[in-house]
Amino acid sequence: MKFLTILFTTVLVIVAGCKGKASKSDSNEVVLHSALAAKVRGLDPGDIGDTTSSLVASQIFECLYQYHYLKRPYELVPQLAEDMPQVSEDGLTYTIKIKKGVYFADDQCFENGKGRELKATDFVFAWKRIANIKYISKNWWIFDNKIVGLDEFREYTKSCKKAADVDYSRKVEGLAASDDYTLIIKVKKPWPQITYLLAHLPTAPVAKEAVDYYGRDIINHPVGTGPFKLQKWHRGSYIELVKNRSFREEFYPSEGEDADRADGYLTDAGKRLPMIDRILMTIVQEDPPRWFLFMQGKIDASGIPKDNFNEAIDQRGKLTAQMQKRNIHLRIFRDPSTYWLGFNMEDKTLCGNKPLRQAINCAVDKEKYIKLFTNNRGEVAYGFIPPLMKAYDSSIKDKVKTTYNPDKARQLIKEAENIYGGKLPKLTLAMPGTDAVIRQRGEFLKRCFKTVGLNVEIDYMDWPTFQNKIKTKSVQMFMLGWIADYPDAENFLQLFYSKNASPGPNNFNYSNPDFDRIYEQIAVMPDSPERTKLYRKAERIVIEDCPAVFLMHGVAYVLYHDWLYNYKPHAFGYGLSKYRRIDTAKRADYKKLLKTGE
Amino acid sequence: MTAYIIRRLLYTIPIVFGVLLITFVLFNLVGGDVTDQIAGKAASKETREEIRQEYGWDKPLFLSWDSQFFNYLKNAVTFDFGRSWEDRELIIDKIKRGAGPSLSLTIPMFIGTVVISISLALIVAFLRGTIIDALAVLLCVAGMSIPFLSFILFGQYFLAFKWGLFPVFFRPDLSPPQYVALPVLIGIAAGLGGNLRFYRTVMLDEMRNDYVRTAFAKGLSTKRVLFKHVLKNSMIPIITQVVLAIPFLFLGSLLLERFFGIPGLGYLMIEAIGARDFQVINAMTYIGAILFVIFNLITDICYCLVDPRITLE
């Protein structure tokens with residue numbers, strides 16, 4: 001018995017010692033409850049490379065520009081900048097005025113713990129930091145070979161022993177702060193996408209004091225200028241953000257799309273942001289508990305897990321009666337994404353055999369794939385530019401010759417065998433995962449190929465192995481996709497530029513001089529109808545060469561409770577919690593509704 | 001006994017060295033290169049080289065004082081596991097933070113399973129051949145056949161979501177007993193089948209001995225026979241089972257932690273395996289190996305304590 005008593009006492013001590021409580025909150029505080037589907041890796045914007053960390057960090061950090069919350073097509077508006085940039089006639093110099101009176105959140109890294117005013121030099125420091133090779137940022141691609149003198153600065157950092165040895169006062173010609181509120185950027189050649197990237201989280205300003213004070217632990221101590229600041233981060237469990245009391249005056253937009261007024265998105269026009277006091281983000285990686293939490297009203301909004309789709313959406317694609325009874329709302333919106341089965345164009349069997357690549361294209365039943373694996377939450381892709389983009393060609397379906405057609409696939413295989421000089425060898429499709437869903441997808445594709453007489457082996461592998469194989473060009477076919485970083489189709493086109501071949505983003509190792517010529521031309525062109533035409537032309541060249549089976553473009557379904565207001569889906573939606581409003585009375589009513597057993 | 005303990009502790013060194021060597025070799029043979037994952041999309045060759053240099057992956061694997069394996073050994077001995085490549089956090093901080101939640105889940109689960117299964121095993125063994133015994137065996141086999149995940153999904157759906165008896169998931173405003181209650185219950189229910197069956201067999205072997213019949217013939221009470229004699233004489237297999245399970249408590253419960261949002265070491269381990277975070281896997285394996293060797297020694301000492309016929313030489 002003594003043994004048991006000791007054991008029980010130990011348990012009680014351990015249990016009592018596991019203090020996991022969030023900070024005590026005022027009962028009148030308005031709290032937004034959300035769930036994160038993956039763990040947060042770090043909150044240092046310079047090194048952020050994953051969506052979940054960006055979702056959190058974007059509530060804390062701000063960029064020079066942001067997307068207008070309501071207007072569509074997506075439009076950039078100033079955030080930390082006073083106005084849109086002044087661009088020199090040659091398109092090589094950008095002058096950006098910074099807003100006055102913007103302060104970093106209070107933090108012990110500053111003198112007396114009081115956040116200081118944001119200056120243009122904070123941007124210069126943040127971007128030089130990304131260039132510092134010893135910092136090993138995931139985001140150097142943004143500035144690589146773009147800004148005058150920044151590549152030379154990166155070269156210099158190679159000679160430093162560690163990140164802390166780098167002299168950030170070293171001059172970079174293309175990055176200068178002419179005064180505290182003026183930033184001058186000189187680019188090597190016209191860079192029309194720069195403003196989109198200045199709205200991209202990694203380009204957010206970082207206070208040097210914070211970097212010096214926290215060192216490598218800066219990932220745990222985000223110090224930004226945004227509407228919220230980090231209160232508590234229990235890694236792998238939850239994150240709590242609270243309103244940044246020193247946040248400047250920013251107001252809810254007064255303009256939007258035509259339907260926004262009727263949809264209630266303009267009710268809060270002109271109100272000061274943010275409209276909530278706290279955000280509690282719980283990390284829930286499994287679908288069942290996330291769904292249960294949403295249905296219990298413990299989280300305010302959620303996607304729809306595949307297994308619960310029929311519970312939420314009826315045959316007509318509308319909310320089921322049960323959802324309507326619970327006053328749950330549905331929003332459907334297009335993702336800026338395209339998913340594909342890519343071909344390694346350097347593979348001996350595939351590269352010189354276009355009929356084979358076309359046959360593979362004709363063999364895949366994309367509609368069935370979308371229905372089976374996404375509950376129809378997708379659109380068949382005919383090219384790689386998603387319908388959300390301005391450059392999307394709505395007539396592309398009629399121009400593509402390789403839609404699902406098993407008979408045509410069989411004919412093409414005969415042609416392919418003639419080129420190959422005999423029976424085609426076994427092909428291999430690399431899949432990015434080993435879980436049940438990936439295996440189901442693999443089996444489906446295998447069956448599609450088998451139907452037309454193609455022998456394809458499905459090779460399931462974990463993500464690091466998959467990535468490594470792609471970067472080393474050692475896959476034959478692979479399943480992958482791309483979600484746009486900004487609403488410009490150039491972001492997709494760069495995936496086919498020959499100079500970006502693996503280990504760069506061109507995983508197809510596709511090379512076509514005609515395409516390259518057009519890409520080089522459009523990469524420096526400002527937005528214009530002519531550029532859109534060239535985008536479409538470039539896309540058609542790729543489709544004709546067939547370096548991939550373009551499977552689908554994503555469509556997202558989100559559900560939210562009626563107490564959550566201003567929940568307008570946004571394809572580039574980071575840092576949007578500031579716009580949310582919560583009706584706590586309605587939230588309390590939901591609890592009563594649940595008690596009645598509805 | 002002291003000499004035995006010292007000798008056994010010295011054996012720890014080659015055992016742990018072997019574990020470290022095997023882990024290192026296996027990881028380098030089949031682990032793959034995670035440089036691209038760290039580098040992010042569109043990373044240049046020089047960035048990848050810098051990463052390899054930063055983590056020491058550019059050094060030779062063996063045969064040098066500055067080899068990857070030697071540094072790995074050095075770090076293990078000093079418990080300086082470095083930083084996780086995935087999120088650049090200190091690994092020792094991760095382990096310290098995860099140990100509490102993991103143990104708060106696994107210790108009650110372990111104690112509950114052991115106490116309930118041994119108690120039930122005694123009763124079932126005593127009632128051998130009756131309908132209760134047959135039913136218990138049937139339930140044990142059924143319990144062992146149902147996947148652990150089904151227990152979790154069933155418990156979470158009915159007990160937490162539908163009937164609201166427990167919270168569905170961890171919330172910061174809940175106290176640890178509140179959020180570990182359901183996973184502990186599920187863990188006990190899922191573990192009961194195998195354990196009860198094992199202990200029943202152990203008890204039955206013991207009950208068939210002559211001394212049990214003699215004890216009953218002498219008029220001793222059932223309680224006294226079962227707890228004073230049968231249980232005591234069954235201690236050797238029970239100790240083997242129980243003490244050797246203790247090091248695994250440290251590793252947490254992978255599925256329960258993930259489904260109930262308990263930020264423990266099981267969660268940490270599964271994340272590390274998924275992300276090929278070798279530094280974290282190495283640290284956990286190393287600590288696990290040390291604990292296993294220590295608890296093996298404790299098992300031997302316990303044998304000696306419960307059975308005077310056993311001496312440690």
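Trainee: Which domains does the domain assignment give for chain B?

Mentor: This is a predicted model, where local features need pLDDT of at least 70 and side-chain atom pairs count only at pLDDT 80 or more, while totals for chains, interfaces and linings use all residues. Residues are numbered from 1 along each chain as its sequence is written, and chains are lettered from A and ligands numbered from 1 in the order in which they are written. Domain bounds come from an automatic or database domain assignment. For chain B, that gives domain 1 (2-77) and domain 2 (97-306). Their C-alpha centres lie 34 Å apart.

Trainee: How many residues of domain 1 of chain B are in contact with domain 2 of chain B?

Mentor: Two residues are in contact if their C-beta atoms, placed from the backbone, lie within 7 Å. Here 14 residues of domain 1 of chain B are in contact with nine residues of domain 2 of chain B. On the domain 1 side, the elements giving two or more residues are α1 (2-30) and α4 (68-77) of chain B, and α1(B) gives the most, with nine residues. Helices (H or I, at least four residues) and strands (E, at least two) are DSSP runs, numbered from the N terminus.

Trainee: Which residues have the most contacts inside the largest nonpolar core?

Mentor: In soluble globular proteins, nonpolar side chains tend to be buried together. A nonpolar core is a set of buried Ala, Val, Leu, Ile, Met, Phe, Trp, Tyr and Cys residues joined through C-beta atoms within 7 Å. A residue is buried if 20 or more other C-beta atoms lie within 10 Å of its own, exposed if 12 or fewer, and partly exposed in between, with C-beta atoms placed from the backbone. The largest core has 216 residues, and those with the most contacts inside it are Ala359(A), Ala363(A), Leu493(A) and Leu551(A). Helix α5 (residues 91-126) of chain B gives the most to this core, with 12 residues.

Trainee: What does Leu493(A) touch, not counting residues up to four places away in sequence?

Mentor: With those left out, Leu493(A) touches Tyr519(A), Tyr535(A) and Ala538(A). A second, separate core of eight residues includes Ile136(A), Val34(B), Ala43(B) and Ile51(B).

Trainee: How many helices and strands are in chain A?

Mentor: Chain A has 20 helices and 20 strands. Buried residues make up 44% of its 598 residues.
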